[in-house]
Amino acid sequence: MDFAREAGEQDLFVIGGAQAFSAALPTADRLYFTRVHTRVEADTFMPEIDWREWILIEKQPFEQGPKNDHPFTLECWGREKKA
């Protein structure tokens, strides 16, 4: 994150893994999620998120189809500004 900031970048996208998400979450002002509507076995999870700090800005559902094994929803969340 420091490297991107020093390079003058305005946006930084963290795409994994769990430790990177945990490190970036306190300073994030946007979250972009792809929610795949299915159940799978997993051993790695996102860190806990206090959803009271976030508001849903946009969500767009997609159906299962030739390119998608499962339906999914793209979501954009913004951190609430504290007064």
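The answer below takes the sheet as its topic and then turns to ring pairs and pockets.

Tutor: Happy to do that, starting with the ground rules. This is a predicted model, in which local features need pLDDT of at least 70 and side-chain atom pairs count only at pLDDT 80 or more, while totals for chains, interfaces and linings use all residues. Residues are numbered from 1 along each chain as its sequence is written, and side-chain values use heavy atoms, with hydrogens and water left out.

Now to the sheet. Three strands make an open sheet in the order S1-S3-S2, and their pairing is antiparallel. S1 and S2, which covers 54–62, are the edge strands; each has a single partner, so one side of each is left without a neighbour in the sheet. Strands here are DSSP runs of E with at least two residues, helices are runs of H or I with at least four, and the numbering starts at the N terminus. Two strands count as paired if DSSP finds at least two bridges between them.

How many bridges hold S3 to S2? Strand S3, residues 72–79, is joined to S2 by eight bridges in the antiparallel sense. On the S1 side, S1 and S3 are also antiparallel, and seven bridges pair them.

Is S3 mostly covered or mostly open? S3 is mostly covered, with six of its eight residues buried. Buried means under 20% relative accessible area, exposed means over 50%, and partly exposed lies in between (1.4 Å probe, protein chains only).

Past the end of S3, the chain goes on into a segment that holds glutamate 80. Glutamate 80 counts as partly exposed, at 39% relative accessibility. Leucine 56 lies 24 residues away from glutamate 80 along the chain, yet 9.8 Å separates their C-alpha atoms.

The structure holds four aromatic pairs. In one of them, phenylalanine 13 and tyrosine 32 are tilted, with 5.8 Å from centre to centre and 35° between the planes. Phenylalanine 13 sits in the loop between H1 and H2 while tyrosine 32 belongs to S1, so this pair ties together parts 19 residues apart in sequence. Phenylalanine 13 counts as exposed, at 57% relative accessibility, and tyrosine 32 also counts as exposed, at 51%. The rings of tryptophan 51 and tryptophan 77 have centres 4.7 Å apart and planes at 55°, so this pair is tilted too. It links distant parts of the chain, since tryptophan 51 lies in the loop between S1 and S2 and tryptophan 77 in S3, 26 residues apart. For these labels, rings of Phe, Tyr and Trp (its six-membered ring) pair if their centres lie within 6.5 Å; planes under 30 degrees apart are stacked, over 60 edge-to-face, and the rest tilted.

Are both tryptophans buried, or does one lie partly exposed? Tryptophan 77 is buried, with a relative accessible area of 14%, whereas tryptophan 51 counts as partly exposed, at 34%. Ring pairs also bring in Phe33, which forms a cluster with Trp51 and Trp77.

That cluster leads on to the pockets. A pocket is an open set of points on a 1 Å grid where a 1.4 Å probe fits, with protein on both sides within 12 Å along at least five of seven lines, and a lining residue has an atom within 4 Å of a point. Phe33 and Trp51 both line the second largest pocket. Other residues of that lining include Phe21, Thr34, Arg35, Val36, Met46, Pro47, Glu48 and Ile49.

In the largest pocket, 22 residues form the lining, and Leu12, Phe13, Val14, Ala28 and Arg30 lie nearest the centre. Helix H1 (2–6), helix H2 (18–24) and strand S1 (30–36) are the elements that give two or more residues to this lining. S1 gives the most, with four residues.
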